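Trainee: Could we go through this model together, with each term set against its definition?

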Amino acid sequence: MNNTEKTMEKIVALCKGRGFIFPGSEIYGGLANTWDYGPLGTRLKNNVKDAWRKKFIQERHNSFEVDADILMHPRVWEASGHVASFSDPLLDCKECKLRFRADNLIDDFDPDAHADGMTKEEMFEYIKAHSIPCPHCGKHNFTGIREFNLMFATHRGVTEDNKNVIYLRPENAQGEYVNYPSVLRSMRAKLPFSIGQIGKAFRNEIVARQFIFRMREFEQMEMQFFVRPGEELKWFSTWKEWRLKWHKALGLGDEKYRYHDHEKLAHYANAATDIEFQMPFGFKEVEGIHSRTNFDLSQHEKFSGKNIKYFDPELGESYVPYVIETSIGVDRMFLSVLCSAYEEQKLDNGETRVVLHLPAALAPVKCAVMPLVRKDGLPEKAREIVNDLKFDFSTHYDEKDSIGKRYRRQDAIGTPYCITVDHQTLEDNTVTLRHRDSMEQTRVNVADLHRLIHDNVSLNSLLRKLA
Ligand SMILES: [Zn+2]
């Protein structure tokens, strides 16, 4: 089989056409860089979340999930440093009036320039010295660089004055930190323990691009792991290893992952690494692992005036715990799953099929049941099988078009199994079970369907390897 190249255009087209992702507000012409998950995308995304939740919340005795409010007290963002320094260096083209990120201009001009290590002044000098042209109009006539805060601000209640400013959270982590004392107390937790959360965060970035890879509204799936001071770097290495193993267990291909250790660290961190995935547009971060020290909790102690120290019964002393954070971009993870799964296969008979080789446990539809023809009692028998399987698996029923076309439809959404009911079924209660990747068909008894499917589509089939 000779397979054609996969591109982002093809993947985006599949997402729109097959119900995975639609442009946001599409009937109004769309709203730039917003995307809505469709019926199949929502299911796939939930399956990704379940794979994380099962491993890192359910299977750990000292792991607690919270669902904090997106709106938080404005002082939270003063304590965390976001009000003072969560910004992008922006400049305007005086000719065409478009606004750009200075570091992006430099990185696009020369990927080896490493703008992320430059100060604002150094970036300005670099852009001037190399006469970097405006990506839109080609002229070189920029304003100076100014810092723009990335938080979405709005107002509480009806009065639009400064006292009522409130932010959509730019990261989920603070929701876990401010709930740390309550979780500790109510769950009678002991160090080390973790608080996890899945939820939306918002960043008003000037450049949002690459489909769902970089959006202003995005979902994070993350965990803050609280440890004794001095043990954080040991735990950082452990978590680095655990997290990569989890990614690899999903079966997208071990060679598609790599670590990227940070040289320049955020003000709160003493070690940081990314897990990068090979997207069609290069290796990109899907998860960040950060040793965030005791910075955030100490700040909250200072700003709130509340004592949030942990009394360690073994050491007989109190301290502010250190924190290891592991944070996945759910949308990026979704994209990595789709990109690795997508394939256009040239078949031996000259036809081409689009197939998503999704890990069966993540597939939005586990099996499709099809009567070979729409008569002779076959549809009724097929529906009977659906009605049995649907309690445990997301199951499609399809009777329209030729059987070949129906198989192609299921291949394109990554359904691992197609079950075909034919005349023989009525005689001996057997059906054909078609496997998505190999396209092989086997004759099996209806009574065995549940077991055969379950063994391969359950999350346990993936996560068992990690036990
Ligand atoms: Zn311009």
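Predicted model: local features only at pLDDT ≥ 70, side-chain atom pairs only at ≥ 80, totals over all residues.

Mentor: Residues are numbered from 1 along each chain as its sequence is written.

Trainee: Into which domains is the protein chain divided?

Mentor: The division gives domain 1 (2-85 + 150-339), domain 2 (87-148) and domain 3 (360-466), with bounds that come from an automatic or database domain assignment. The C-alpha centres of domain 2 and domain 3 are 55 Å apart.

Trainee: What share of the 467 residues is buried?

Mentor: Buried residues, those with 20 or more other C-beta atoms within 10 Å of their own, C-beta atoms being placed from the backbone, make up 34% of the 467 residues in the protein chain.

Trainee: Why is α2 called roughly perpendicular to α11?

Mentor: Helix α2 (residues 39-58) packs against helix α11 (residues 330-341) at an angle of about 110 degrees, with the axes 10 Å apart. Because angles of 65 to 115 degrees count as roughly perpendicular, α2 is described in that way relative to α11.

Trainee: Which residues meet there, in α2 and in α11?

Mentor: L44, K45, V48 and K49 in α2 meet V330, M333, F334 and V337 in α11, where contact requires C-beta atoms, placed from the backbone, within 7 Å. The residues of this contact comprise 6 nonpolar, no polar and 2 charged; Val, Leu, Met and Phe are among those that count as nonpolar, and Lys is among the charged.

Terms used
Buried ≥ 20, exposed ≤ 12 C-beta atoms within 10 Å, placed from the backbone. Axes fitted to C-alpha atoms, helices over the stretch in contact; angles between N-to-C directions. Helix = DSSP H or I, 4+ residues; strand = E, 2+ residues; numbered from the N terminus. Parallel < 35°, antiparallel > 145°, perpendicular 65-115°, else oblique. Contact = placed C-beta atoms within 7 Å.
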